[in-house]
Amino acid sequence: VLTANLKHEVPGVRQVALRIAEAHLKPFPNLEKTLVAMADDADAGVRFQLLCSLGFAQSPAAEQARLA
């Protein structure tokens, strides 16, 4: 359900899903790949929340997405 909401058509749903995803990055490492792939989201609010959420991830891919 979480990954489906990360791709939801409504930006606010994606933002909330990103906040929820923060707590699940360690137990579900593949979730980080999904978040990193959202770096080019059309909505500025989603991209800002992604920047904040990726602060919980320490991988090189997450760092690269934060700098994009």
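What is the mean pLDDT of the protein chain, and what percentage of its residues reach 70 or more?

1. **Confidence.** The mean is 92, and 100% of the residues of the protein chain reach 70 or more. Here pLDDT is the predictor's confidence in each residue, from 0 to 100. Among the elements, helix 2 has the highest mean pLDDT (97) and helix 5 the lowest (83). Helices are DSSP runs of H or I, at least four residues, numbered from the N terminus (strands: E, at least two). Where pLDDT is low, the predicted coordinates should not be read in detail.

2. **Basis.** This is a predicted model: local features need pLDDT of at least 70, side-chain atom pairs count only at pLDDT 80 or more, and totals for chains, interfaces and linings use all residues. Residues are numbered from 1 along each chain as its sequence is written, and side-chain values use heavy atoms, with hydrogens and water left out.

3. **Nonpolar core.** The largest nonpolar core has 14 residues. Such a core is a set of buried Ala, Val, Leu, Ile, Met, Phe, Trp, Tyr and Cys residues joined through side-chain atoms within 4.5 Å. Buried means under 20% relative accessible area, exposed over 50%, and partly exposed in between (1.4 Å probe, protein chains only). The members that touch the most other members are Leu6, Leu18, Leu31, Leu35, Met38, Leu50 and Leu54. Two or more residues come from each of helix 2 (11-22), helix 3 (30-36), helix 4 (44-53) and helix 5 (60-67). Helix 2 gives the most, with 3 residues.

4. **Leu35.** Leaving out residues up to four places away in sequence, Leu35 touches Leu6, Leu18, Ala21, Leu25, Leu50, Ser53 and Leu54. Contact here means heavy atoms within 4.5 Å.

5. **The salt bridge.** A search of the whole structure finds 1 salt bridge. The criterion is a side-chain nitrogen of Lys or Arg within 4 Å of a carboxyl oxygen of Asp or Glu. Arg14 and Asp41 form the bridge, with their closest N and O atoms 2.9 Å apart. Side chains of opposite charge can pair when their charged atoms come close. Both partners, Arg14 and Asp41, are buried.

6. **Arg14.** Arg14 counts as buried because its relative accessibility is 9%. The side chain of Arg14 also reaches the backbone oxygen of His8, at 2.6 Å. That is a polar contact: a pair of N or O atoms within 3.5 Å; within protein, one must be able to donate a hydrogen and the other to accept it, and residues adjacent in sequence count only if both atoms are side-chain atoms. Beyond residues up to four places away in sequence, Arg14 touches Asn5, Leu6, Lys7, His8, Glu9, Met38, Asp41, Asp43 and Val46.

7. **Asp41.** At 13% relative accessibility, Asp41 is buried too. The side chain of Asp41 reaches the backbone nitrogen of Asp43 at 2.8 Å. Residues up to four places away aside, Asp41 touches Arg14, Val46 and Arg47. Asp41 and Glu22 are 19 residues apart in sequence, and their C-alpha atoms are 17 Å apart.

8. **Helix 4.** Asp43 caps the N-terminal end of helix 4, with a side-chain oxygen 3.0 Å from the backbone nitrogen of Gly45. Which residues of helix 4 are buried? They are Val46, Gln49, Leu50 and Ser53. These residues lie on the same side of helix 4, because they cover an arc of only 105 degrees around the axis. The arc is that of the directions from the helix axis to the C-beta atoms. The buried residues of helix 4 pack against helix 2 and helix 3.

9. **Ala39.** Ala39 also sits in the loop between helix 3 and helix 4. With a relative accessible area of 31%, Ala39 is partly exposed. Ala39 touches Arg47, Leu50 and Ala65, not counting residues up to four places away in sequence. Ala39 and Ala65 are 26 residues apart in sequence, yet 6.0 Å apart in space, C-alpha to C-alpha.

10. **Ser59.** Ser59 is in the loop between helix 4 and helix 5. A polar atom of the Ser59 side chain lies 3.1 Å from the backbone nitrogen of Ala62. The C-alpha atoms of Ser59 and Glu32 are separated by 8.8 Å, with the residues 27 apart along the chain.
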